[in-house]
Amino acid sequence: MTLQLKNVSLVRDTETHIYPTSLDLVDGQFNTLLGTTLAGKTTLMRIMAGLERPTQGQVWFDGEDITRVPVQKRNVAMVYQQFINYPNFTVYDNIASPMKLLGKDKKTIDDAIHRVADLLKLTPMLHRMPNELSGGQQQRTALARALVKEARLVLLDEPLANLDYKLREELRDELPKLFRHSGAMVVYATTEPSEALLLGGYSAALFEGKVLQFGPTVDVYSKPDSAESARVFSDPPINLAKVNKAHGQFSLSAGAGWAANGEAHALPDGEYTVGFRPHHLTLTPHGDTSVKVSAEVLLTEISGSESTVHAVVDGHTWISLSHGVHSLDKGQTIDLFIDTRKCLMFDDKDRLVLS
Amino acid sequence: MSQKAQNNKAWWLVMPVVILVAFNAVIPLMTVVNYSVQETFGDNVFFYEGLKWFGQVLHSERFHEALGRQFLFTGIVLLIEIPLGVAIALAMPRKGIGVSICLVLMSLPLLIPWNVVGAMWNIFALPDIGLLGKTLNAMGFDYNYTRQPFSAWATVVAMDVWHWTSLVVLLAYAGLTAIPEDYFQAARIDGASAWSVFRYIQLPKMKRVLTIAILLRFMDSFMIYTEPFVLTGGGPGNTTTFLSIDLVKMALGQFDLGPAAAMSIIYFLIILLVSWLFYTFTMRNEN
Amino acid sequence: MATIKLNNLRHSYLDNPRGDEDWALKKVDLTWEDGGAYALLGSSGCGKTTMLNLISGLLTPSEGSIQFDNKDVTQIRAEERNIAQVFQFPVVYDTMTVRENLAFPLRNRGVAKPEIDKRVVEIAQMLDLSESLDTRAQGLTADGKQKISLGRGLVRSDVNAILFDEPLTVIDPHLKWQLRSKLKELHQQFGATMIYVTHDQTEALTFADKVVVMHDGMVVQSGTPVELFESPEHTFVGHFIGSPGMNVLPGSVVDERIGYCGYTVDAHLRADQLNGADSFELGIRPEFVHFADQGIPVDIVKVSNTGRVRIVDTRHDNDLIRVVVPEGESIPADKGYLQFEPYRTTTYVDGWRVGDKVTPISSRTGAATRSQISQSQTSAGSAS
């Protein structure tokens, strides 16, 4: 199974919602669209579903141009952020509805419902009404509907956003398992980088209607090809700073410097942007590759096992994340250590040159 | 390349409506337009008169007076019904059994046919045997809607208010119940007075439904015919002869089809113009 | 500002509550110290919003009393309690400008105009709203509107406390960070008592100095983020705090020591602290479970990468044991051995913690403990 967007763009009135985008989604994997609200995730999904016609470009499914095929004729299932179920149907009838529309016989429907209800732990609730269920159960019902439909393309638009934190954790764990055997192409939209990582699979980083990068999720995270992409895929936000390379040495305007070894040695001298994630900026050094900068504490947040320190370094606010509990006072001067092995280097065009 | 409709079959579903609208709106309207520019004495003999009837109607004192009365009536009715309707909606309970009781009570007047309303009030207000008329006279008011213009006006206005305020109540109530509870809680915490809550939360949130209410009531009251016709027949004299009554008198009473058709079109355009102006003006600040 | 005291507080939404389940809030005794930053943490339906509304006066409790600075306010209405509240969905007065919105609570209280102007400008500056003061509040983004809601609370000098009801629900993750830090900063600046209701443990732990965990209408534990993380009073807290939550495993006694399936897990934990209970459970955080050359044999089921760490699902018998493996440490291919870090295991009977508290991390060598272990692990395993 393949789903390809070929140079798809969407312009409404004079406003560009999606810039020309080409995407080749991967079968049998979670394809995650990651980006903030209004980055274009939902619009892209609507184009994939056939709810929206792109202004330019084509959508290909299994080697067939389906750009003009209306949504009713595509085999698509969609689950939304809001829990959408038929309010006057029981859970059973809700799950049965897509199969009834397909004209399946009673026995097949019944078997499928029990199988899916079992998977989603809905069996005890099958004869309840949606308004008697908790949010998590309502969303499971919606997911069950998408599952039994045996759609070839399943679009999940922030399905966990309205759920409690712990429930989200639990369902996020189950989702890939559920869809693994369905043979469907799954596209998942989220605003949270950690969610994309935990779901694994492939990810596309979106920003203001542009797909910045697409690839295996871990690669997009560890080798963002632009500073913009790194920023999208970072929670807490990645620290970025200007760095100058000269005489085989990188130096920060904050004073710290380190030798440009290995691959870095080959880079031409000049200005670069260095990016390092908060957990690579720590209160204690990480071996001899760490370099020290002096910082003024703005704020500390302690989460039980970790401490997040917001600190000002050379006029910029950086975020540091360290293990353990460290209560620091506002205005206190501290040393922070950048793990230079983990630094990402971007050139003057914001493209990744070193990771 | 065409980006047009992906599923043309859907158009067939619209056909019944198109046919219906054609038969009950477009074709009669065209007939009226046809009459408005011709002179006829029956027998299907027509003479083309151009815009003569329009000029005649626009310059006739009779039309001016009827139009004036019409605006006055609509103005009075709106000024009473809208605030009254909002006030009743505000006073209605938000939960419990009271809600259904109030809603049923409020819907009752809306279910009564226009001519019945007229007939009811006709009897109700009779000075000699009607409950209202007799009571007022017994209290020392000189009340007689068939003889005094003021009594007639007051009765017509009261009748319309009685009949239609409920509509405003229901719309306003729907608007009010759609406001999330958080707003009222935030306002309580901010120490807002009841007036402030109304002015800054309820009224802005009701804006859309009130716009609809005002439009509906404007159009309806501007076209009022049956009730005053049954109650006063446009009298005493011409004091309650509104546009529509005047129009019917002209068309059926005097059989002046040409001027009547021209007047209908002018009438129609006035309603359209006022509604459009009102709508664009109130919605101008949205987004 | 005031100290808020809840005495034997109970609340039911029913007129005649009978069984236990009829109570949305089951007997709460709690003191919120003046100027504290608190979080009220729990899943939906646990009674946290009920408690918030009781404090603000939007609800009157069925039983018990509420005191502000030793003054009984149980029957006093919301508008007279001088409490500010920020709701889940931003509440702004659409027809007013940002300036008018901020001035509204002061105008309602008859504060003099020059004073209002001064306060509004001050608050707007703190919230980075100065530039949009004269635009209509309606056109603002969700985070802007939420700042206004907050500003309407801060602008009053007489507030006893500011309550937040899941204020970041509609905010994007990258803005959540900013808004949360802003809140914390404002707390330090103003010293106002702040109570922050949320189901998100990260938000609760990072915002608050003290977190109150609720479950099923009851307060199960209240303590500092560190206490909640290290010594959960109840297995529910262990599960709820931390991502992933604490591993809770059936316990057994091995040589008069606490053990799991015949393995001693922590030489320091003696069985006599169980007070003779027949069955008990062990709690160990995934952060404190490590791969080693010997110990509890497990199968590796799944590895998920969060970027920063990897979460490994392992299985021994039918128990799922989660392990958090920091960047740079190796994970065995499909079978391995687990060891629990000393002093980290807690014991539970009927869900509640028994025995000694885990020594707080801060009173020991702190972060060093953790990094020493990581380093010895790294050198032991082959570097990935």
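Trp258(A) is buried, at a relative accessible area of 10% (buried means under 20%, exposed over 50% and partly exposed in between, with a 1.4 Å probe and protein chains only). The model is predicted, with local features requiring pLDDT of at least 70 and side-chain atom pairs counted only at pLDDT 80 or more, while totals for chains, interfaces and linings use all residues. Residues are numbered from 1 along each chain as its sequence is written, chains are lettered from A in the order in which they are written, and side-chain values use heavy atoms, with hydrogens and water left out.

Trp258(A) forms a tilted aromatic pair with Phe250(A), with 5.6 Å between centres and 40° between planes. Rings of Phe, Tyr and Trp (its six-membered ring) were paired if their centres lie within 6.5 Å, and planes under 30 degrees apart count as stacked, over 60 as edge-to-face and the rest as tilted. Phe250(A) is likewise buried, at 2% relative accessibility. An α-helix has 3.6 residues a turn, so residues three or four places apart point the same way. Trp121(B) is buried at 9% relative accessible area, whereas Phe124(B) is partly exposed at 31%. Over all chains, the search of the whole structure found 27 aromatic pairs. Ring pairs also link Phe71(B), Phe218(B), Phe222(B) and Tyr267(B) into a cluster.

Helix H9 of chain B comprises residues 194-222; helices (H or I, at least four residues) are DSSP runs numbered from the N terminus. A straight helix of 29 residues would span 42 Å at 1.5 Å a residue, but H9(B) spans only 34 Å between its end C-alpha atoms (the expected span is 1.5 Å times one less than the number of residues). H9(B) bends by about 60° at Lys207(B), the bend being the angle between axes fitted to the seven residues ending there and the seven starting there.

Lys6(A) lies over the face of Trp60(A), 3.8 Å from the ring centre, and the charged end of Lys210(A) sits over the ring of Tyr19(A), 4.7 Å from its centre.

Methods: Helices (H or I, at least four residues) and strands (E, at least two) are DSSP runs, numbered from the N terminus. A charge sits over a ring if NZ of Lys or CZ of Arg is within 6 Å of the ring centre and within 35 degrees of the ring normal.
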